[in-house]
Structures are given as structure tokens and as C-alpha cells.
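Here's a quick tour for anyone meeting this structure for the first time. Have a look around, then read on.

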Amino acid sequence: MKQTNWYKDAIIYQIYPRSFCDGNNDGMGDIPGIISKLDYLKELGINCVWLSPVYDSPQEDNGYDISNYRDIYKPFGTLDDFKKMLSEMHKRGIRLIMDLVVNHTSSEHPWFKSAISDKNSPYRDYYIIKKGRKNGKKPPNNWSGFFGDGAWQRIGDSDEYYLRLFAKGQPDLNWENPKVREEVKDILRYWLDMGVDGFRCDVINLISKDQRFKSVAPTIALAGKKYFVSGPRLHEYLHELYKDVYSNYDCMTVGETVLTTLQQGCDLVEPNREELSMIFNFDHTDTDNYFGVKWFIRKFKLTRLKKVVNKWQQGLHNRGWNSLFIENHDQRRCVGRFNTDDKEYREVSAKMLATTYFMLQGTPFIYEGQELGMTNGDFSCLDDFKDVETHNIAALGEKIKILKPILKKSLYQCSRDNARTPVQWDDSEFAGFSKVKPWIQVNKNKSFINAKQQLTDDNSIFHYYQKLIEYRKGNEVIKNGEYIDLLPHNHKVYAYMRKLDDKEIVVVSNFTNKEVVNPLRKKLKSIKLVMSNYNNNSETLKPYETRLYER
Ligand code: TEU
């Protein structure tokens, strides 16, 4: 099948189904709710949706724990609802990529239930089950998981443990077993044959584990990562999926690849290697923390951000394709982050961040609510949080007393639930998300931050995104041009150029809440101003001002 690489022209909107729109008023978002908002998405201008998991699941990790890969979680709807949604999307020129979560299943998946209840089960070897040390009193090694606790779970009171790099209910699959790989391929074909257009591949660079399962010297973050991040057979497995499945469809894949170096990133996306279409790297979201641990908040520094953006923009140019994002369901909201402001300067902050990442090379992703400038949640106690990771970290803080004060502040600021509050459609009691109390609380600022208001306001963040999307479509300079950082050492202003033949695009963004003299004022004299978040073309940049120029 000919690969058209349509994803290079895609603008992808991420839907987190629980929090998007509740069609049947049970307090939880669902597929009928999504269908009711497709015209809204069409109006925004996006042409592809990434749908976070809708598969059947006990929801320990909101669907990233799948118990049936071929059916829909009932509160979200039925397979028929899903098919209707897909065809309604396609009718509107919107493609759909699914979340593919195959590093692990749910512990409620029939494979796992069989694997742990019967030592002779054919599914035993679908998982990674090992004898513990000290007669089973200690886990097989000292690896830690991503959610703040150990990576191994004891099976009952036996001396055996299963590996789970995330929550207890997320046992890792054993990709060494060829049968597991065949199962995954069947799942992929099932959805591709139904008409879906690709996959966002959850923590896909964790699927290959070093088979020696050795302990490591204690570290601050994620003990054992060198044995399970980008493991020895990762590239082989990905190529196998490409060869046996993806190559037969005009589809795309975006790998969620945590802790990836540029070289590893190139190896995953260089087209001739036939692995993935693109990856998400997280270097820019780690610029405001220490040791890659988001809970250890670090003061933002613009030059640090520029450095990692430069690395990936220049490093992948002409080698492989990039993805661009500043929010998702695991990150806090971008307004109020990267030195911006979610109060007085919220609107200009949202527009400035949007312009700054939208003109880079790669496929932009917009997370639900980002196009409205939604803010972090207003949680006031631990019970307000629903996320398994947040509760695990809170428990860890209790256990290791010295962490408690550090964690308390960052828990509220960095909890993933900040991005999971219901999308604010209007100013009614439950923000037009639902008629009943939602599964997680609605932000109070729905009274003035909501889609209904923004659709009627030409100057809104929604309309600003709409213009950026329109500008990007078919623009060869943005798609293929070179990227040049114009002020690599400037701590206040981010300015870059995109250049293709004799055409240029320049973005200038003030990342501070103060006026700053535009350092490029002389150079930009004869260039045309295309878009801005202020009505200002003076030599001074207002707080969080952004300007998009072209020549
Ligand atoms: O996230 C992978 C991942 O590494 C996250 O744990 C991330 O580091 C964390 O959310 C930051 O706090 C993916 C999904 O996006 C996430 O929602 C799932 O919980 C996780 O995989 C397990 O499937």
C-alpha cells in the first residue's frame, strides 16, 4: 500500500473521552458526546483526532489498563457508537488515530487472569513473572515503576512477582514471546480494517526489557531505566509491526517515547528504518523540573527551553518527522507554565505559546481545552484528585516524610488531573459538559472561560487557534523549511526563523510579563506582520506579546 504521509499535513486534536463531553448525562464523557461536538472540531479546523483509550477497562488508570482490546468501555458507548463516530469524522474530513496501549494490559484481561491462576496456562508466558529474592520476600530486582513505587507486584502470598512499570493493575506484556506480538498485530488489523487511520503508541519504547533483569545501584529517579527504556529488541519489534501490519495500510503511528535521546529518536523515525512515523519526546516538558521528575519543580529558564527545541528541530530536520505539543492528558495546563500567566495575562499567554510551537517543523497536537486557554484545576484537598499516580505519590510523601513538604505544593501544581477537568463548553453549573455532577470537578472559571463565549468573540483564543491552523495548512515553509534560532542566548525573547528557498517566516515571542524592547526591531523593519496577540507593531514587545512575520 502506498504511504501518502498524510500525517505531515495533519493538525491533531487529542480527546480524553472521560472529560470531553457527556452525551447521556451520567457524569462521564462518552462517544455520543464526542459525535455531538464534531462540528465544533471542524470549525476549529483540525483534520485528525487522537482518541485516548475507549476500550473496555476497569479504569484503574482511566483506560490505559485494557481488559478487552476489541470492545468499548460501556459507559463510553458501544462498538456501533464507535463506528458511527468514525464515519461522522471521516465525513467531515477528520481522521482518527486510536491509543494503542500494548506495553501492558489490565490485570483484569483474561490473559492475565489465566496466567496467574494456572502455572500451566498458555498465557503464563504472555507476562513477565519471576521468582522473588529471599524466598519471595523481596522482589526479583530493585527496579522502580513510573508511578512512584516498585516495579514488581507479588502474586498473592506466593514467591512470585509480575512486572508492572505502572499501576498494580497494569502488568507488562512479555514481548519476547512471539505469540504476544502476533496478538498485537491482530489487534492493529482489527481497528485498521474498521477504518481507523493510525495509532498513538503508549510508552512504546518500554516494550523490550533486558532479559537479565539485573538490579541497579540506587538512583533518584526510575531505578532500572537503562534496562527497560529503549531495550535491546525495541527496533526489531517496531520494524516487525511495520512490515507485517502498518505497511499494508495508509496509516500513521506516533510513539510516546519517554526519556529518549536524539539519536534514539532518529532511529525510531528515519523513514528507511520503517518503524514509526513520528515520536513524542518530552525534553521540553522536563525543562521546569529536576532529574526529569516533574514533582521536583525547577524555575523556568527560557534558554533551557530553546536548547532542547533547537536540538530536536535541527536534529530531525531532513532525517525524520517531529511532533509538536505543549499539553496532553498527563501534563498540567500550559497557561501558567513556561513562565506564563493563567490570570491577568492568560489570553495573551495562551496565544503566545500557541504561536511559538505552531510554526515549528512537525505535526502539531492540540489537547482538548487548550484551544480555550483552560487552566489547571482548582483542587482543594486530596479527595478532589482521582488519578492513581497522584494518590501513589501522595502515599509516597507520607512514607518518606522529608518528601512531604516538597510534594504537597507540586502535587497540586503537577497532578495529571489538572488537564482532566471537564471541557468548559458554557457557563452553566457543570460547564455544559453534563447535566449531572461529573466524575471530577469542574473549574470555577467556566463562568468566563468557555467555548460558547469564545465562539462569539472574534478575538478569542479559539479563533486565534483557528487562524494559526488556517495559516499552517499547505504552507511549505512551515512544513519543510529550515529552523534557525535567532536569539539563542536571550532570556526573555524567543525568536526563530523558518526558511525555505527565498521565503521566510519569523516568530518573535516575549516570554515575560514585562515590556521588552524587540531585539530584532532593525532586522524586521521590512518584513510583513501576519498575526499577533496584540494590536501593536512598535519597537517594544508588550507582556507575552507574540508576532508572526513572513517575507
Ligand atoms: O504515559 C507514560 C508516562 O511515562 C507517564 O507515566 C508520564 O511519565 C507521567 O504521566 C507523567 O506524570 C502513558 C500515558 O500517557 C499515561 O496516561 C498512562 O498512565 C501511562 O502511559 C501508562 O499507560
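A residue counts as buried when its relative accessible area is under 20%. Keep in mind that this is a predicted model. Lys 185 has 1% relative accessibility, so it counts as buried. Asp 244, at 26%, is partly exposed.

Those two residues pair up. Asp 244 and Lys 185 form a salt bridge, with their closest N and O atoms 2.7 Å apart. Asp 244 sits in helix 8 and Lys 185 in helix 6, so the pair ties together parts 59 residues apart in sequence. Lys 185 also has a salt bridge with Glu 240, and Glu 240 is buried too.

Side chains of opposite charge can pair when their charged atoms come close. The structure holds 46 salt bridges. Here are some of them:

| Salt bridge | N to O distance |
|---|---|
| Glu 240 and Lys 185 | 2.8 Å |
| Asp 244 and Lys 185 | 2.7 Å |
| Asp 288 and Arg 332 | 3.1 Å |

Asp 288 and Arg 332 are 44 residues apart, each in a loop. Asp 288 is buried at 4%, and Arg 332 is buried at 8%.

Now for the ligand. It has 18 residues around it, and the closest include Asp 61, Lys 294 and His 329. That shell is made up of 6 nonpolar, 3 polar and 9 charged residues. A polar side-chain atom of Asp 202 lies 2.8 Å from a ligand oxygen, and one of Arg 416 lies 2.9 Å from a ligand oxygen. The protein covers 91% of the 490 Å² of accessible area that the ligand has on its own.

Arg 416 turns up again in a network of salt bridges, whose members include Asp 61 and Lys 294.

Technical notes: Residues are numbered from 1 along each chain as its sequence is written. This is a predicted model: local features need pLDDT of at least 70, side-chain atom pairs count only at pLDDT 80 or more; totals for chains, interfaces and linings use all residues. Side-chain values use heavy atoms; hydrogens and water are left out. A residue is near a molecule or strand if one of its heavy atoms lies within 4 Å of it. A polar contact is a pair of N or O atoms within 3.5 Å; within protein, one must be able to donate a hydrogen and the other to accept it, and residues adjacent in sequence count only if both atoms are side-chain atoms. Accessible areas come from the Shrake-Rupley method with a 1.4 Å probe; for residues, only the protein chains shown count as cover. Ala, Val, Leu, Ile, Met, Phe, Trp, Tyr, Cys and Pro count as nonpolar, Asp, Glu, Lys and Arg as charged, and the others, Gly among them, as polar. A salt bridge is a side-chain nitrogen of Lys or Arg within 4 Å of a carboxyl oxygen of Asp or Glu. Buried means under 20% relative accessible area, exposed over 50%, partly exposed in between (1.4 Å probe, protein chains only). Helices (H or I, at least four residues) and strands (E, at least two) are DSSP runs, numbered from the N terminus.
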